[in-house]
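Subject: Structure handover

Hello,

Here is the structure you were expecting, followed by my notes on side-chain contacts. Please read them with the model open.

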Amino acid sequence: MSETLLCPRNLAFELYEVLDAEALTRRARFADHSRETFDAALGTARQIAQKYFAPHNRTSDEHEPLYQNGEAVLIPEVKPAVDAFIEAGFHNAQRSFEDGGMQLPNLLSRACFAHFQSANIATSSYPMLTMGAAHLIETFGSDDQKQRFLQPMIEGRYFGTMALTEPHAGSSLSDIRTRAEPAGDGSYRLKGNKIFISGGDHPLSENIVHMVLAKLPDAPPGVKGISLFIVPKFLIDDDGSLGPRNDVLLAGLFHKMGWRGTTSTALNFGDNGNCVGYLVGEPHKGLAYMFQMMNEARIGVGMGAIMLGYAGYLYSLNYARERPQGRLPDGKDPASAQVPIIEHTDVKRMLLMQKAYVEGAFDLGLYSARLVDDQHTATNDEERRNAGELLDLLTPIVKSWPSEFCLKANELAIQILGGHGYTREYPVEQYYRDNRLNPIHEGTHGIQSLDLLGRKLMQNNGAGLQQLLGLIQDCCQRAAAHEALAPLRQPLEQHIARLTRVTQALLGDLMAGKINQALANSALYLKVFGHAVIGWRWLEQALRAEHGLTDGNPADADFYRGKLQAARYFLTWEVAGCQHELTLLEARDDTCLNMQEGWF
């Protein structure tokens, strides 16, 4: 079987034909880069992922971390992989040259990191969490905090986590009970418990810097009373050396269905009354600060879901090409040779579904990474503001749509392998188990749907939504110049027209105070909105494929035809198939809202 680390041709298509990565080199920050330097970074990422990450993907699944003498113990292959990642510079891929970074655009950094997520989602999570925590301190921390904690994180000596969830509260952060008392010397003493803390303990770094949400004694109720604290595993002496162990106890490890190679920890803060923490920024603004890391993590989770779906798709595709079984319906001669299962129409259907899901989501994930670059490096304030507003709107989709439909792709991969897919001798069952976490962590599917419908659509007077609708309209207008794309364009236009009416009605209900009714079917709304977004991205890909067939390399003709067929599938099967959900939303169906606890 061939490898399952991305498709190089599709990656080049996305970066250079769809998203115009080379245009970024005309911006001052990226002027020292070129397509050659981009491709060199991508090639290095691929090599390290193949050499260090992929080989222990199954081993870390079969030998999950152990709790021994109050510490988490990992298989030995994890540290060399993480060290190679750091040594190659990917830990600081976006950081400036003068700070020891590669100064890559976010788009290229995400594309490089996708190789590691595809090769080994569990091991790749350790640097991903650290990069997010470091960025949080860099944005909101004091100069002293940056010197003590950020610099060692940049150097790869310290790793980081985000500690939000508590046993009694789950996703309801307004109900956290972890407390922070001023110690009189500028530091604080924390007491509380956190669970499901990924990377909360491990032997991969000298220190672990926990970004902890807690409440001060004078905190107002709810989310407006949450503050953010740096809580290191080991205290730091004035000279920067490691001091004594902080009062942070690893209470235990969770044993998960998948993603087993990443420690998932229960942490106790202050069991001995001496857990030292340092306030980040201003009191009671911790959740607003943490949303920076959470949103970065949500995009990272979405990309992780995509890459797991992608890996399963590529594996099942190669399996279908190599596995002979049965004959076509009109093949009546039992003495004739069996055909590869890829020739069976239903297998083609399942492969086409996977391709539509994973390559559509991959496009959206990289498009969102490109928006981050525009948000920070576009040539004027208006372009930067527009990119930020559009990214805010799309973030719930980037996180949740791949988490649902790339998981579906993993299910289809298992189905294609049949009985073999259900065994642990083949990797597709692990891809499914690993991916099943993604609809849950970093904001469940339901939470993301409430965020989209209840908050993001109306944010900044709907500026992001108006941008999105304008972009889709522009795409449809460009597609109208290609007669062959009319069967793809028309379902999207019809879907957008009806979705717009539904959206206006639901927002009207929200403004009228009918909040429970308007949000009752938000999960359905997230699906149909997400299908609109992915449908738009597929139409954009179809446009580039049309140009490729006309002006590109004839050797790529099959690649471009495959793009057009996947776009046709998604827009004529999936987008056109959303009518039932739109009908339920139009009717404000209250079947779920009015169900009573006693009726179950």
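**Aromatic contacts**

F53, F85, F90, F113 and F116 form one aromatic cluster. Please keep in mind that this is a predicted model. Searching the whole structure gives 24 aromatic pairs. One of them joins F559 and Y560 in an edge-to-face arrangement, with 5.5 Å between centres and 70 degrees between the planes. Both F559 and Y560 are buried.

Another pair, Y569 with W573, is tilted: the centres are 5.2 Å apart and the planes are at 40 degrees. Y569 and W573 are 4 residues apart in helix α17 (residues 557–575), so about one helical turn separates them.

**Charges over rings**

Two arginines are worth a look here. The charged end of R245 sits over the ring of F234, at 5.8 Å from the ring centre. R537 lies over the face of W536, 4.6 Å from the centre of that ring.

**Salt bridges**

The structure has 39 salt bridges. Among them is the one between the side chains of R9 and D556, with an N to O distance of 3.2 Å. Which parts of the chain does this pair tie together? R9 belongs to helix α1 (residues 8–18) and D556 to the loop between α16 (522–551) and α17, so the bridge ties together parts that are 547 residues apart in sequence. R9 is partly exposed, with 22% relative accessibility. D556 has a relative accessible area of 19% and counts as buried, because the cut-off for buried is under 20%.

R27 and D374 also meet through their side chains in a salt bridge, at 2.8 Å from N to O. This pair too links distant parts of the chain, 347 residues apart: R27 is in the loop between α1 and α2 (35–53), and D374 is in helix α9 (residues 345–377). R27 and D374 are both buried.

E429 is buried at 10% relative accessibility, and R433 is buried at 11%. E429 and R433 also belong to a network, joined by salt bridges that share partners, that includes R58, D61, E62, R260 and R424.

Regards

Key. Residues are numbered from 1 along each chain as its sequence is written. This is a predicted model: local features need pLDDT of at least 70, side-chain atom pairs count only at pLDDT 80 or more; totals for chains, interfaces and linings use all residues. Side-chain values use heavy atoms; hydrogens and water are left out. Rings of Phe, Tyr and Trp (its six-membered ring) pair if their centres lie within 6.5 Å; planes under 30 degrees apart count as stacked, over 60 as edge-to-face and the rest as tilted. Buried means under 20% relative accessible area, exposed over 50%, partly exposed in between (1.4 Å probe, protein chains only). Helices (H or I, at least four residues) and strands (E, at least two) are DSSP runs, numbered from the N terminus. A charge sits over a ring if NZ of Lys or CZ of Arg is within 6 Å of the ring centre and within 35 degrees of the ring normal. A salt bridge is a side-chain nitrogen of Lys or Arg within 4 Å of a carboxyl oxygen of Asp or Glu.
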